[in-house]
Amino acid sequence: MTIGVLALQGSYNEHISALRRLGVKGVEIKKPGQLDNISALIIPGGESTTMAKLAEYNNLFPALREFVKMGKPVWGTCAGLIFLADKAIGQKEGGQELVGGLDCTVHRNFFGSQIQSFEVDLSVPELSAQEGGLPSFHGVFIRAPAIVEVGPGVEVLAACPVSLKPTTSNSDADAQEEKTKPEQKVIVAVKQGNLLGTAFHPELTADTRWHSYFLKMLPKEDEPALTTLAVIEGGVDLNAGQTPEIEMPIYQY
């Protein structure tokens with residue numbers, strides 16, 4: 001059983017390393033024919049416009065859409081979420097080509113530019129119920145999108161306070177008014193059938209629960225035997241106290 005990671009640009013090496021820590025083989029996908037040899041696919045974060053241009057250059061879009069239609073699990077993180085959305089807004093003139101499949105609308109760069117990237121603990125009851133560990137997940141948001149609308153068949157897995165979005169107002173009165181409003185949240189993780197989407201970067205943390213959750217979306221006969229990861233306060237504990245080998249740079253917190 002092999003998991004493909006679209007390797008045009010972005011954090012594909014980090015995803016492959018996370019899969020390896022779970023004892024699962026991950027391979028780079030750069031050409032349409034390589035999709036025939038994998039059981040599931042991860043579309044990583046990166047610069048979505050650049051990734052789309054490279055995918056178009058390599059004639060990957062028809063094959064990616066067919067892969068989604070076949071019902072094989074596909075997970076998009078950050079830019080990968082934009083790829084999987086049926087509709088994207090907040091794009092440059094002309095937009096970019098999408099794979100589609102997720103019945104949602106994604107706002108590209110919802111949280112602002114690169115310098116407005118941030119980290120926050122997200123409530124993840126479904127992830128915690130299935131994978132154990134803490135009831136929260138440390139989300140790393142880098143020039144991140146957000147999901148502003150979902151269809152009836154989409155399950156919301158995590159939401160983030162809208163207050164983390166940068167404001168354009170400098171008025172003290174406006175700022176005070178915002179503080180008195182009830183906290184609003186925007187969707188940042190969803191699941192629909194064989195598709196999973198996260199606006200943040202789980203691959204940039206030591207917590208592999210999202211990767212484990214995704215792998216369990218495989219048919220039972222294909223589901224791998226995963227290395228057990230127990231999440232503890234302040235870090236991770238792999239196999240009853242052993243420290244996991246981290247092969248790529250990740251965010252520590």
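User: Why is L19 counted as buried?

Analyst: L19 has a relative accessibility of 0%, and buried means under 20% relative accessible area, exposed over 50% and partly exposed in between (1.4 Å probe, protein chains only), so L19 counts as buried. The model is predicted: local features need pLDDT of at least 70 and side-chain atom pairs count only at pLDDT 80 or more, whereas totals for chains, interfaces and linings use all residues. Residues are numbered from 1 along each chain as its sequence is written, and side-chain values use heavy atoms, with hydrogens and water left out.

User: What does L19 touch, once residues up to four places away in sequence are not counted?

Analyst: Taking contact as heavy atoms within 4.5 Å, L19 touches I3, V5, V24, G26, I42, H211 and L215. The C-alpha atoms of L19 and E203 are separated by 9.2 Å, although these two are 184 residues apart along the chain.

User: What makes α1 mostly covered?

Analyst: Helix α1, where L19 is found, takes in residues 12–21; helices (H or I, at least four residues) and strands (E, at least two) are DSSP runs, numbered from the N terminus. Of the 10 residues of α1, 8 are buried, namely Y12, E14, H15, I16, S17, A18, L19 and R21. Their cover includes the strands β1 (2–6), β2 (25–29), β3 and β4 (74–77), and also α7 (209–215). After α1 comes G23, which has a positive phi, near 80 degrees.

User: How do you know that the residues of the UniProt "binding site" gather at one spot?

Analyst: The unreviewed UniProt entry places this feature at G46, E47, S48, R108, I142 and R143; such positions are in the numbering used here, feature names are shortened, and annotations may be inferred rather than shown by experiment. The set spans 98 residues in sequence, yet no two of the C-alpha atoms are more than 12.2 Å apart, so the residues gather at one spot. From this set, G46, E47, S48, R108, I142 and R143 belong to the lining of the second largest pocket. A pocket is an open set of points on a 1 Å grid over the protein atoms alone where a 1.4 Å probe fits, with protein on both sides within 12 Å along at least five of seven lines, and lining residues have an atom within 4 Å of a point.

User: Which residues are closest to the centre of that second largest pocket?

Analyst: Among its 14 lining residues, the closest to the centre are G46, E47, C78, I142 and R143. I142 lies in the loop between β8 (136–141) and β9 (146–150).

User: How do you know that β11 pairs with its partner strands, and which way do they run?

Analyst: Two strands pair if DSSP finds at least two bridges between them. β10 (residues 155–161) and β11 are joined by 6 bridges and run antiparallel, and β11 and β12 (residues 195–198) are joined by 4 bridges and also run antiparallel, so both cases meet the cut-off. C160 has V186 in β11 as its bridge partner, while V190 has G197 in β12.
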